Amino acid sequence: MKSKNAAAGGLDRRAFLKAGGATALAAILAPGLAGRAEAAFSGSLDMLAWDFQPDTIKKLVGEWTAKGNPAVNVAVIPNLGFSPALQTRLRGGDAIDLFYNFAYNSQKFVDQGWAAKLNGLPGVDDMVADMYESARPAYVNAAGDIISAPYFSAVHMMHYNDRMLKEAGIAAAPQTLKEIHDASKILKDKKIVENPYVAYWVKEFCEEYLHTYLLNEGITAFDAAGKPVFADDPKTEGVFEWWQTMYQDGLAPKSVLNDDPGKLSNQMAQGDAAFFVLHHYFLSSIRSLNGPESANVMQGPIGGSNHTFQIGEVLQLGQIADEERRNAAWDLMKFYGWKDSAGKFTVFNQWAKAAGLAAPYPGFFTDPDVIAAFPDYFDLPMISKTFETGSKVVPARTLPWYPDFQAKVGDVVHALLLGQATPKKTVEDLTAAANSAQKGRSL
Amino acid sequence: MSDIALSRAPRRRGKAATAAGLQRSTTATVILYLCVAIFAVWILLPVWYLVVSSLITPSQLGVKPFPMVPSSITFDNYLSVLTGATGSTGFGSTDMGSRLLPAIGQSFFVSSVLVVLNLVIAGIAAYGLSRYPFSGSRLFELSIIVSRVVPAIAIIGPFFVAFRVVGILNTPWALIISYNVFTLPLAIMILKNYFDQMPREIEEAAKIDGASRLQTLWIIIVPIARPGLVAAGVLIFLESWSEFFYSLVLTNQLTVPPLLAGFQSVQQFNWNSLAAATVMSMIPPVVLVVIFQRHVVGALTAGAVK
């Protein structure tokens, strides 16, 4: 029996090989195109996100589905309590194909078998290659395992009130810790503002500031193996002296140990503070509050060879046994945490519009759509440069023991700020906390 | 209930009188009322702060001192919560309008079903414990109290697995079943205490008249115990209305508390909208408490004076 093709024009050996080669090539290349319709998986995918614009999440994945991809069931729960809820669900056998996660939980989830390594999935090496080199250790561990994709990224920045600085005769935004202290003191002494410096120093967030301030002085807290090398650096004690002095001398308000970022943004907008150190996108909050000083708030550069802290939360792929389902979920992950099928940062662009969030890809900052999405008060080249050369992630933060250490930092730092511990003891306590966490001695 | 507990102290003008009939000086009365006023302010201040926060703009929220009586008010926060039309990009949950009212409805449904269920089960259990003590019943009562102090995180796992197998995750039934862990002991404790105070002579009279145990319970005891049942019902309603963790794990923001927690995201904080949503979600329980508060106080203090 002859095939129709053979009858029509003849399927000779040459044509067969040509067609076969093209098919094979398509099979190899097609999965690499992010978000490309596969149609191999006919079911629906399950995605768990936290509550930031859930309608936008549904809209975005809806657009992905409309391009011939599987439907996605999006479940949303609050950020508050997300980790225990997610872990309880996964431990209870819930099958979640794609989920938001905190970077510090990412390695633990892989180790527990709740999240898959991404190595070998089509296009994943390109995704990693697309990232800032500074960002890669957040997603690729020391052993080369690719454990997550970006959900959003940010860098800690100095937000400062330009008008107040000019009034105080301060020529430029302070960059080192000493400059920050001196500028704060001048502003306080000249009665321009009572408590010039604010930061989100609640216990849960002190760990981020630990890295921000240490990096600001050129200290990377942990080495590649997770050893707490900050303990051996003579400059570390000075960082804690600075931190304590800022609080004890009233350069930061007494309430700052309990304040929330909304209040701190408002203090900047109202002119009750001159400096606010937190993620770069908090400039959006300060500006959108339309307070009397909102328009005077700018972002300061990270100077010299010092760095600021680069943070971000991640997407993780569930442990999916079915290959077609896994490929479909990976396609969704690429669309959500990298680029769409046209090579555009569709999802990241939306988060940039919504809240000034960023993605750890140099191409993100040069994309015309992204540039248009960011309000003009953002200095995108400066933020991009901060990602590229002015910031570091701390790879130890993804290690399984890290959350135990993180949980202790707040208590130790608050004791320091309240004068209950010396800078020297703080270094010792944090070192002990890191060593204890690594030995598996939990809280 | 004892006669003394039901008796009223004589009312006097000019000088207040104690229950024992001793006169209180004007100074003492003034101090007493002042303390009550300070306590009331202390209790109500956060609520007032919440209400004011829901009626002002974000920039007014940051003004020092906080405007306890705002010079201008706006209903935009309520509008934005209900419609998502904030006029600003800085809003975490833009579809809150389509989620808040259904969540209030679900909270109401879960709480109401739980009240009915608990009053029936706890009513029978408490009556049995009160009237038919058995060897080890005191220990049984203590074990009920102990079950109240077990943290939710310790027992949520088995619930999750069971509900996943049965297929009722993300439904009100998952909450109705799991909430019994903390509401049922509460209801049993309150009702047992209440039944203990009720005179047994009435039941004995009903028994002489030929009523069965269940008939006695339904026809005689339940009407007399209505204040206690109402009080227990209100407290069960409030407990389930404000429950967060079971709802967080077993559902996807089905009820009010996890939905409100969603206002505090990693990326943004919106206290004005949160305040508006909180005020709206407080209305059903507040109305309930206002209607039944007399019964709640009465039942909780039952047996305090013998």
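**Close-up views of a predicted two-chain model**

A search of the whole structure finds zero disulfides over all chains, a disulfide being a pair of cysteine sulfur atoms within 2.5 Å. The structure is a predicted model, in which local features need pLDDT of at least 70 and side-chain atom pairs count only at pLDDT 80 or more, whereas totals for chains, interfaces and linings use all residues. Residues are numbered from 1 along each chain as its sequence is written, chains are lettered from A and ligands numbered from 1 in the order in which they are written, and side-chain values use heavy atoms, with hydrogens and water left out.

**View 1. Two cysteines, A:Cys206 and B:Cys35****.** A:Cys206 has a relative accessible area of 0% and is therefore buried. B:Cys35, at 45% relative accessibility, is partly exposed. Buried means under 20% relative accessible area, exposed over 50%, and partly exposed in between (1.4 Å probe, protein chains only).

**View 2. The interface of chain A and chain B****.** Chain A contributes 41 residues to the contact and chain B contributes 38 residues; contact means heavy atoms within 4.5 Å. The size of an interface is often given as the accessible area lost when the parts come together. Here the two chains bury about 3,000 Å² between them, 56% of it on carbon and sulfur atoms. Buried area is the accessible area (1.4 Å probe) that two parts lose on being put together, summed over both. Across this interface, eight residue pairs are in polar contact (both at pLDDT 80 or more). A polar contact is a pair of N or O atoms within 3.5 Å; within protein, one must be able to donate a hydrogen and the other to accept it, and residues adjacent in sequence count only if both atoms are side-chain atoms.

On the side of chain A that touches chain B, the elements that each supply at least two residues include helix H3 (54-66), strand E2 (72-77) and helix H11 (261-270) of chain A. Helices (H or I, at least four residues) and strands (E, at least two) are DSSP runs, numbered from the N terminus. H11(A) gives the most to this side, with five residues.

**View 3. The salt bridge between A:Asp51 and B:Arg99****.** The count between chain A and chain B is one salt bridge, defined as a side-chain nitrogen of Lys or Arg within 4 Å of a carboxyl oxygen of Asp or Glu. A:Asp51 and B:Arg99 form a salt bridge in which the closest N and O atoms are 3.1 Å apart. B:Arg99 lies in helix H5 (residues 96-131) of chain B and is buried, with a relative accessible area of 14%. The side chain of B:Arg99 also joins that of B:Gln253 in a polar contact of 2.6 Å.

**View 4. Salt bridges within chain A, including A:Asp145 with A:Lys117****.** In this salt bridge the closest N and O atoms are 3.7 Å apart. The pair links distant parts of the chain, 28 residues apart. A:Asp145 is buried at 17% relative accessibility, whereas A:Lys117 is partly exposed at 45%. A:Lys185 and A:Asp189 meet in another salt bridge (3.2 Å, N to O). These two residues are separated by about one helical turn, because they are four residues apart in helix H8 (residues 177-189) of chain A.

**View 5. A network of salt bridges in chain B****.** The network links B:Arg138, B:Glu141, B:Lys192 and B:Asp196. Over all chains, the count comes to 27 salt bridges.
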